[in-house]
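Try each task before you read its solution.

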Amino acid sequence: MPSHTRFWPIWMTVLLLMPALAQAHPHGWIDMRMRLMLDDQGRLEGLHQAWRMDPFYSLIILEELGLAEGEGGLEAGLDKLGGEIRQNLAPHDYFTELQVDGEKLAVGEVTEYTVMERGGRVEFIFMLPLETPLPLSEKTLYYKVFDPTYYLEVVHEAEGKTPLDDALTVNGELTCSTRIVPADPDPELVMEAAMLDITDEAEPGLGRHFAETGEVTCD
């Protein structure tokens, strides 16, 4: 079963009933805030991520959970949703790819997470630990967060095309500079994505070409 159908079953059902919205990938959007967590030795321990689902999906999921109010209410429903998202993202490294000096970094298992409703939107917040903490002094970290199938698009929180101040931050004693580099996909890949219907499965890795790159350089 494709990863996106496990990740967003309610969303997909609704979209299938709305053909005008069911053409071309992506079919959903996530606004993300990223905070790098350093320990007192300047080692990167993990990435604290907050994903805000788009208003359409949020509306649908909140209505679904509202109907199930007799089963524990909205809060219980959001807790259950968080567990399902975590479980479904785990085989995909939580959609997160990290590199330092050209070497891919291994991530650990997410055990700290929550889902909440804020301003009418569903937000999934989690701490993604590194498998092994990495000294970040005098190094540059690059990361991408993306759905490999490009069914969903993940972008940093922004006002227009300008990332918000808290879209990418570093929590620690090191002095670090940050930058968010927009995606620049090949026009042929843009066309390929545009031709995909909601039931089509994209070539693995398509989403990587549409992902922003986070860049963090520490003194």
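**Exercise 1: How two helices cross**

Task: Find the handedness with which α3 passes α4, then describe the packing of the pair.

Solution. Start with handedness: α3 passes α4 in a right-handed crossing. This is a predicted model. Two packed helices are described by the angle between their axes and the distance between the axes. Here α3 covers residues 55–67, and its axis comes within 9 Å of the α4 axis. The two axes cross at roughly 120°. That angle makes α3 oblique to α4.

Next, list the residues that meet. From α3 come Y57, I61, L62 and L65. From α4 come L74, G77, L78 and L81. Sort them by class: the contact has 7 nonpolar residues, 1 polar residue and no charged ones.

**Exercise 2: Length and burial of α4**

Task: Check the span of α4 against 1.5 Å a residue, then list its buried residues.

Solution. Helix α4 runs over residues 73–89, which is 17 residues. The expected span is 1.5 Å times one less than the number of residues.

Now burial, meaning under 20% relative accessible area. The buried residues of α4 are G73, G77, L78, L81, G82, I85, R86, N88 and L89. An α-helix has 3.6 residues a turn, so residues three or four places apart point the same way.

**Exercise 3: The whole protein**

Task: How many helices and strands does the protein have, and what share of its residues is buried?

Solution. Count the elements: 5 helices and 13 strands. Then take burial: 46% of the 219 residues are buried.

Note on methods:
Residues are numbered from 1 along each chain as its sequence is written. This is a predicted model: local features need pLDDT of at least 70, side-chain atom pairs count only at pLDDT 80 or more; totals for chains, interfaces and linings use all residues. Side-chain values use heavy atoms; hydrogens and water are left out. Helices (H or I, at least four residues) and strands (E, at least two) are DSSP runs, numbered from the N terminus. Buried means under 20% relative accessible area, exposed over 50%, partly exposed in between (1.4 Å probe, protein chains only). Axes are lines fitted to C-alpha atoms, for helices over the stretch in contact, and angles run from 0 to 180 degrees between N-to-C directions. Angles under 35 degrees count as roughly parallel, over 145 as roughly antiparallel, 65 to 115 as roughly perpendicular and the rest as oblique. A crossing is left-handed if the near helix is turned anticlockwise from the far one by less than a right angle, and right-handed if clockwise. Contact means heavy atoms within 4.5 Å. Ala, Val, Leu, Ile, Met, Phe, Trp, Tyr, Cys and Pro count as nonpolar, Asp, Glu, Lys and Arg as charged, and the others, Gly among them, as polar.
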